[in-house]
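This report describes selected features of the protein shown below. Please keep the sequence and the structure in view while reading.

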Amino acid sequence: MLNFFNDYVRYDRGLDYQALKVKENFDKVLDTLGEPDKRDTIISITIRLKGKADWITANNASNALEFKVSRKFWGRKSKYVKLPYASAIESSKNWDKEHIHALIRMKDLKKYYEPFEMEQIISDIAYNLNEVNSRDNHSLDGAVKIRSFPYMENECKVVGQSIEYICKSSSNHHNPLERKLISSN
């Protein structure tokens with residue numbers, strides 16, 4: 001098990017960093033992703049949304065990403081259960097809009113994919129979301145940033161740091177992991 005206070009707490013993030021709330025969400029993400037297994041891959045995604053995106057737009061994009069990625073990699077099975085997926089909706093002081101950080105555990109896929117193939121497929125899915133600027137995919141600072149790594153902790157502590165990163169804005173007044181299904185009616 002990953003120990004938040006021994007290895008991942010980041011007090012250097014400033015006065016807004018509430019370590020107890022971050023740990024609470026850190027544990028929720030770990031529960032969602034499940035026990036680490038070096039045979040599985042974690043895909044880390046950051047998506048910058050187009051326009052003046054609000055929380056509802058980011059929430060809808062996050063839900064759509066989860067459904068579409070699960071459908072692609074699990075097929076019909078995704079109708080009943082989704083890939084382990086945790087996402088955070090954050091506000092950016094510099095961009096003045098919401099953006100998404102997500103972690104997807106790629107496990108029990110219907111066929112084998114190389115990590116770079118998974119990254120490319122997920123990138124294509126993300127750029128095809130209505131909330132993402134598809135013309136922004138050729139720049140160095142594109143709207144979608146993806147990286148993959150084995151779902152096991154190593155000396156670089158990539159898994160724990162990635163989980164801490166999506167939980168970093170957790171506070172008494174804000175839960176970045178909160179998501180809702182919102183109907184279009």
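Which residues make a nonpolar surface patch of about 360 Å²? The model examined here is a predicted one.

## A nonpolar patch on the surface

The patch is made by F5, Y11 and L20, and its area is about 360 Å². One of these residues, Y11, is located in the loop that lies between α1 (4-8) and α2 (19-33). Y11 has a relative accessible area of 59%. Since exposed means over 50% relative accessible area, Y11 is classed as exposed.

## A positive patch on the surface

A positive surface patch is also found, formed by R71, K72, R76, K79, K110 and K111. Among them, R76 is placed in the loop between α3 (55-74) and β2 (85-92). The relative accessible area of R76 is 71%, so this residue is exposed.

## An enclosed strand and its partners

Is strand β1 (residues 37-48) largely enclosed or exposed, and how many of its 12 residues are buried? Nine of the 12 are buried, so β1 is largely enclosed by the rest of the structure. A residue counts as buried when its relative accessible area is under 20%.

Strand β1 pairs with two strands that can be examined in turn. With β4 (residues 144-151), β1 runs antiparallel and is joined by eight bridges; in this pairing, I42 stands opposite F149 of β4. With β3 (residues 97-106), the pairing is antiparallel and extends over eight bridges.

Terms used
Residues are numbered from 1 along each chain as its sequence is written. This is a predicted model: local features need pLDDT of at least 70, side-chain atom pairs count only at pLDDT 80 or more; totals for chains, interfaces and linings use all residues. Side-chain values use heavy atoms; hydrogens and water are left out. Patches are made of residues with over 30% relative accessible area and no salt bridge: like charges are joined within 9 Å, nonpolar side chains (Val, Leu, Ile, Met, Phe, Trp, Tyr) within 5 Å. Accessible areas come from the Shrake-Rupley method with a 1.4 Å probe; for residues, only the protein chains shown count as cover. A salt bridge is a side-chain nitrogen of Lys or Arg within 4 Å of a carboxyl oxygen of Asp or Glu. Lys and Arg count as positive and Asp and Glu as negative; His and the chain ends are not counted. The place of a charge is taken as NZ of Lys, CZ of Arg, CG of Asp or CD of Glu. Helices (H or I, at least four residues) and strands (E, at least two) are DSSP runs, numbered from the N terminus. Buried means under 20% relative accessible area, exposed over 50%, partly exposed in between (1.4 Å probe, protein chains only). Two strands pair if DSSP finds at least two bridges between them.
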